Amino acid sequence: MSLWPTRLSPADLLRLGGTGLRARPLRAVLSSLGIAIGIAAMTAVVGISASSQADLDRALAALGTNMLTVTPGQTMFGENSDLPDTAVPMIRRIGPVLSATATGSVDDVNVYRTDRIPEGQTGGLAVLAAELDLLRTVGAALSGGTWLNAATARYPAVVLGSDAARRLGNPPTVYLDGRVWTVIGVLDPVPLAPELNSAALVGWSAAATYLGFDGHPTTVYARAIESQVEAVRHVLGPTANPQQPDEVKVSRPSDALAAQRTANATFTALLLGLGAVALLVGGIGVANTMVISVLERRAEIGLRRSLGATKGQVRTQFVTESLLLSLLGGAAGVLLGYLVTGAYATTQNWPTVVPLWALAGGVGATVVIGAIAGLYPAVRAARLAPTEALASS
Amino acid sequence: MSQVIELSGVTKSYPGGVTAVRSVDLSVEYGELVAIVGPSGSGKSTMLHLIGTLDRPSEGSVKIDGHDVATLSDRQLSALRARRIGFVFQQFHLAPGRDAVANVADGLLYAGVPKKEREWRAEAALVRVGLGDRLTHRPHQLSGGERQRVAIARAVAGDPAVLLADEPTGNLDSVSGAGVVELLRELNASGTTVLVITHDHEIADGLPRQVPMRDGEVV
């Protein structure tokens with residue numbers, strides 16, 4: 001008859017690996033808890049970061065990434081330059097530009113709630129003259145009231161940005177340069193043009209009539225065909241100010257939003273590192289449990305050797321047990337991490353996104369940890385001489 | 001070939017100069033019921049390890065079921081134990097928390113028997129040792145004698161060439177012990193070769209053949 005040992009079937013191996021865990025369930029749960037916490041932390045960090053990114057993508061998709069802003073730069077002598085009055089009509093003539101509009105900063109005028117407010121308490125609010133098609137181009141919406149129209153743009157009427165309205169206390173009227181102005185509307189926050197949030201917007205001609213506005217646009221907002229944005233970006237400077245094209249600053253606000261989220265990535269990396277430390281400690285916990293398990297079960301090892309288990313089969317049994325132990329923790333951790341991400345994303349009104357690679361990576365990491373943690377104890381178990389193991393009970 | 005166990009000139013010495021077994025010759029034929037008897041320290045446990053292929057001799061040759069132990073690798077010895085040798089220990093060595101069938105079925109695990117077959121053969125073996133009504137009992141629900149019967153069922157479930165029983169009655173009261181010896185006799189009567197290792201002359205004297213040992217030698 002042949003004297004070659006038979007291979008254990010995978011199902012038998014799983015059962016064998018599970019016997020030790022079933023014999024001491026509390027210990028199994030506690031030692032896999034460390035792994036679970038590590039994996040949960042890492043999954044949640046990746047998940048929350050991905051959910052935030054998904055939210056940003058969703059917001060950008062809604063806002064559009066095809067808006068460019070043009071602002072005056074500085075002259076070669078370091079003074080602030082102006083955009084020519086012709087900048088907006090010139091930009092409108094660029095082929096791929098869908099729309100262009102402007103605001104003009106009204107210098108030396110501040111907005112107050114009443115005439116009783118000391119002059120110094122400007123609240124950091126700007127007064128801007130706005131063209132009538134501003135809202136459509138920057139993608140802004142009104143939270144209440146109406147926008148300026150051809151009539152109200154000529155009279156003392158003002159639309160407040162969201163922050164400006166809050167700081168002024170949602171007044172029905174405001175005080176601007178010796179005159180009471182009627183608040184006819186309040187804007188929602190404008191993500192792509194945050195400078196509008198802290199501004200009081202008045203009509204172009206009203207600003208000229210009542211506030212001494214010089215009529216120079218200070219920020220031009222332009223929307224271009226998505227595929228042509230970069231090309232438009234390059235010609236915006238020379239178009240806005242043909243005499244001094246290098247005294248013009250062009251930016252793409254959606255880039256700034258994206259960059260802001262990128263800054264958060266550093267923080268994410270730090271948290272991931274903390275998760276990795278937890279995972280490492282969890283792995284050491286599993287290794288410790290396995291070492292103790294092998295010490296306690298010398299008699300069982302001896303018995304199995306006498307029943308015909310090879311060294312390899314004893315080794316595999318303990319590695320399997322360690323793998324099961326860490327997989328238990330890994331599965332619990334992934335689930336927990338997903339739930340934490342879901343809970344946090346829900347409170348932030350984000351979509352819940354946990355990338356598949358994070359889930360697979362979490363489980364994969366536990367497999368590696370389980371194998372490493374179990375290897376040394378398993379090798380020790382396999383090396384035990386059967387006679388010695390049997391004598392130890 | 002009618003010898004299941006054939007020891008010739010077997011010596012086992014340990015590092016440090018202790019010689020546990022000294023030039024022993026022993027041959028046991030298929031179907032025999034033999035007692036190796038001797039006081040503690042006589043080398044009978046070492047004999048069990050050598051015959052059970054759990055250890056290799058320092059000198060001499062050990063042949064079990066026609067296989068020369070010296071020519072076999074550790075893996076082959078494991079396979080030999082899995083298929084041709086059954087062990088019964090003084091401490092029973094049953095897994096706590098697992099029922100009688102599961103404990104007995106483990107004895108067939110390493111012989112490559114599929115799970116379903118392991119289970120019905122385990123049940124058959126338990127019926128054979130008189131525990132047909134204790135199949136789902138766990139070790140702590142069984143008496144000492146019943147536990148040893150489970151261990152014997154585990155050893156014979158694979159139909160081994162030889163059953164090695166190391167002080168099988170050592171942890172039992174005299175009534176249970178007598179029952180276990182009676183069971184070994186019955187198994188032998190139905191064809192199993194049984195080798196009992198004991199210090200108890202009363203038990204040994206009741207068996208057909210005795211191999212007395214003292215100070216590592218057969219006397």
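**Reading a two-chain model, step by step**

Q: Where does the span 5-219 of chain B come from?
A: It comes from UniProt, where an unreviewed entry lists those residues of chain B as "domain: ABC transporter". Keep in mind that you're looking at a predicted model.

Q: How do I read the sheet in chain B: which strands form it, and in what order?
A: Start with the general idea: strands of a sheet pair through backbone hydrogen bonds, either parallel or antiparallel. Here, 6 strands of chain B line up as E6-E7-E8-E3-E9-E10, giving an open sheet with mixed pairing. To find its edges, look for strands that pair on one side only: strand E6 (85-88) and strand E10 (217-218) of chain B.

Q: Can we zoom in on one pair? How many bridges join E7 to E8 in chain B, and which way do the two strands run?
A: There are 5 bridges between strand E7 (residues 162-166) and strand E8 (residues 193-198) of chain B, and the two run parallel.

Q: Which strands does helix H6 of chain B touch?
A: Helix H6 (residues 174-189) of chain B packs on the sheet and touches strand E3 (33-37), E7 and E8 of chain B. Compare directions and you get about 155° between H6(B) and E8(B).

Q: And where does helix H5 of chain B lie?
A: Helix H5 (residues 144-156) of chain B lies across E6 and E7 of chain B, and its direction is at about 170° to E6(B).

Q: How do I describe the way H5(B) and H6(B) pack: what are the angle and the distance between axes?
A: The angle is about 20°, and the axes are 9 Å apart. Angles under 35 degrees count as roughly parallel, so H5(B) is roughly parallel to H6(B). As for handedness, the crossing of H5(B) and H6(B) is right-handed. On the H5(B) side the contact is made by B:Gly144, B:Gly145, B:Gln148, B:Arg149, B:Ile152 and B:Val156, and on the H6(B) side by B:Ser176, B:Gly179, B:Val180, B:Leu183 and B:Leu187. Sorted by class, the residues of this contact come out as 5 nonpolar, 5 polar and 1 charged.

Q: Where does UniProt place the feature "transmembrane region" in chain A?
A: The unreviewed entry puts it at residues 28-50, 270-295, 323-344 and 356-376 of chain A. Take residues 28-50 of chain A: they are 100% helix, and the end C-alpha atoms are 32 Å apart. Residues 356-376 of chain A are also 100% helix, with the end C-alpha atoms 32 Å apart.

Q: Last one: how many residues of chain A are in contact with chain B, and which helices supply them?
A: 20 residues of chain A are in contact with 27 residues of chain B. Helix H1 (10-23), helix H9 (298-306), helix H10 (311-347) and helix H12 (386-391) of chain A each supply at least two residues to that side of chain A. H9(A) gives the most, with 4 residues. By class, the side of chain A that touches chain B has 9 nonpolar, 8 polar and 3 charged residues.

Definitions and conventions
Residues are numbered from 1 along each chain as its sequence is written. Chains are lettered from A and ligands numbered from 1 in the order in which they are written. This is a predicted model: local features need pLDDT of at least 70, side-chain atom pairs count only at pLDDT 80 or more; totals for chains, interfaces and linings use all residues. Two residues are in contact if their C-beta atoms, placed from the backbone, lie within 7 Å. Ala, Val, Leu, Ile, Met, Phe, Trp, Tyr, Cys and Pro count as nonpolar, Asp, Glu, Lys and Arg as charged, and the others, Gly among them, as polar. Two strands pair if DSSP finds at least two bridges between them. Axes are lines fitted to C-alpha atoms, for helices over the stretch in contact, and angles run from 0 to 180 degrees between N-to-C directions. Angles under 35 degrees count as roughly parallel, over 145 as roughly antiparallel, 65 to 115 as roughly perpendicular and the rest as oblique. A crossing is left-handed if the near helix is turned anticlockwise from the far one by less than a right angle, and right-handed if clockwise. UniProt positions are given in the numbering used here, feature names are shortened, and annotations may be inferred rather than shown by experiment.
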